[in-house]
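Have the sequence and the structure up while I talk, and I'll start with one residue before going wider.

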Amino acid sequence: MLDRLSTSQEDLHHAELQEDAQAAGCSRICDCDDRQVVKVTGTLRTVTLRPRAGVPALEAELFDGTAPLDVVWLGRRSIVGIEPGRRLIASGRISMSHGRRVLFNPKYELRPLGQE
């Protein structure tokens with residue numbers, strides 16, 4: 001009980017995200033390597049429209065309490081339900097771009113609202 005009172009809200013949120021990932025049978029993002037097929041879960045921190053090579057690309061940063069992962073949907077300007085604060089499960093092959101983990105056009109599942 002005393003640990004919970006002395007721990008910051010951010011640390012509690014990170015611990016909750018890690019427990020959620022373990023319960024869903026997902027990998028921790030910090031453990032994912034280049035070219036590895038993964039299933040990860042977390043909360044979307046940011047969602048932006050950033051064209052790549054003249055093609056629209058919806059980019060989101062997924063965070064699971066251990067590390068961030070850039071999730072990119074090429075050819076999309078928006079996707080219903082993809083918004084900051086939303087939790088999701090994503091799967092696909094990790095690649096590295098400019099020192100960051102990236103997941104292009106992942107298979108994804110939105111977590112039900114109310115579990116945030």
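**One arginine, then the cysteines**

So, R77 lies in the loop that runs between β3 (68–74) and β4 (87–97). Keep in mind that this is a predicted model.

Is R77 buried or exposed? R77 counts as exposed, because its relative accessibility is 59%. What does R77 touch, leaving out residues up to four places away in sequence? That would be L49, P56 and L58. And look at A57: it sits 20 residues from R77 along the chain, yet the C-alpha atoms of R77 and A57 are separated by 6.2 Å.

Okay, zooming out. The protein has 2 helices and 6 strands, and reading from the N terminus the order is α-α-β-β-β-β-β-β. There are 116 residues, and 36% of them count as buried. If you take contacts between residues at least 6 apart in sequence, 54% of those join residues at least 24 apart. The accessible surface comes to about 6900 Å², with 49% of that belonging to carbon and sulfur atoms.

How many disulfides does the structure hold? The count is 0. Take C26: its nearest cysteine sulfur is that of C32, 9.6 Å away, and C26 is in no disulfide. C26 counts as buried, since its relative accessibility is 12%. C32 is in no disulfide either; for C32 the nearest cysteine sulfur belongs to C30, at 7.8 Å. C32 is buried too, with a relative accessible area of 3%.

That's my bit, happy to go back to any of the views.

Methods: Residues are numbered from 1 along each chain as its sequence is written. This is a predicted model: local features need pLDDT of at least 70, side-chain atom pairs count only at pLDDT 80 or more; totals for chains, interfaces and linings use all residues. Side-chain values use heavy atoms; hydrogens and water are left out. Helices (H or I, at least four residues) and strands (E, at least two) are DSSP runs, numbered from the N terminus. Buried means under 20% relative accessible area, exposed over 50%, partly exposed in between (1.4 Å probe, protein chains only). Contact means heavy atoms within 4.5 Å. Accessible areas come from the Shrake-Rupley method with a 1.4 Å probe; for residues, only the protein chains shown count as cover. A disulfide is a pair of cysteine sulfur atoms within 2.5 Å.
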